[in-house]
Structures are given as C-alpha cells and as structure tokens.
Amino acid sequence: MEKVEAHKIRGNSFRWTRNWLAGRTQRVVIHDETSDSALVASGVPQGSVLGPLLFIIYNDLDVGIISKTNKFADDTNFCHRAFTERDRVTNQTSTVFYNGLKPGK
C-alpha cells in the first residue's frame, strides 16, 4: 500500500482500496471437489475496474531484475534462459525475488 500512497491516493480512497484488497479468500472447485478457502496475499481481483490502475502503480516489478520481462495488460512474465538443471530450478522458484513472496504461496 506504500506505492498507492506514493501516488497521492490518500484519505477515503486509500482506505477503500486497502479494505477492498484486504481479507480476500479464494478456493478451487474441480468437478464436485472444493478446496478449503485460503487467504489471498497478493494480486487484484480479475475483472475489477481498479485492476489496470493498480497494475500501473505496481508496474516496476522488473526494477533490479536481470531476467527479460514481458508486460501486457495486467500480466508480467519473467524470462531467463536455463543452461543447466540448476538454472531451470532457480527460474521456477524465482518468485522469491520481490516483496517477500514465497514459492507456493
């Protein structure tokens, strides 16, 4: 939310945005099986009006990243060539790079 504040979004608009993003849960349904609900720690609800605005605010994800990045609409992909098996594993688990994200979260 620091980046939201840095863009001068304050007061009621800031509180509304924070509350809208906080406490969200998700679950997966496959056929007739439903997972337990899990807290959503990042991201913006798909189809939301605020999605494009928040993407612009957080669009510096590639700062300090050596990998090539591709950005389109509300999606960012990181690309890095793997020469060894270790490179491949590192690429697959590299989500740790930013903002305290943990693989599998």
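Tutor: A residue is called buried at under 20% relative accessible area, exposed at over 50%, and partly exposed in between, with a 1.4 Å probe and protein chains only as cover. By that rule, 13% of the 105 residues of the protein count as buried. This is a predicted model, in which local features need pLDDT of at least 70 and side-chain atom pairs count only at pLDDT 80 or more, while totals for chains, interfaces and linings use all residues. Residues are numbered from 1 along each chain as its sequence is written, and side-chain values use heavy atoms, with hydrogens and water left out.

Student: Which residues are buried in helix α3?

Tutor: Helices are DSSP runs of H or I with at least four residues, and strands are runs of E with at least two, numbered from the N terminus. In α3, residues 50-57, the buried ones are L50, G51, L54, F55 and I57. They line one face of the helix, because they fall within an arc of 160 degrees seen down its axis, the arc being that of the directions from the axis to the C-beta atoms. P52 and I56, on the other side of α3, are exposed.

Student: How many aromatic pairs are there?

Tutor: Rings of Phe, Tyr and Trp (its six-membered ring) pair if their centres lie within 6.5 Å; planes under 30 degrees apart count as stacked, over 60 as edge-to-face and the rest as tilted. The count is one aromatic pair. The rings of W16 and W20 have centres 6.0 Å apart and planes at 5 degrees, so the pair is stacked.

Student: Where do W16 and W20 lie in helix α2?

Tutor: They are four residues apart in α2 (residues 11-21), separated by about one helical turn. W16 counts as exposed at 52% relative accessibility, whereas W20 is partly exposed at 25%.
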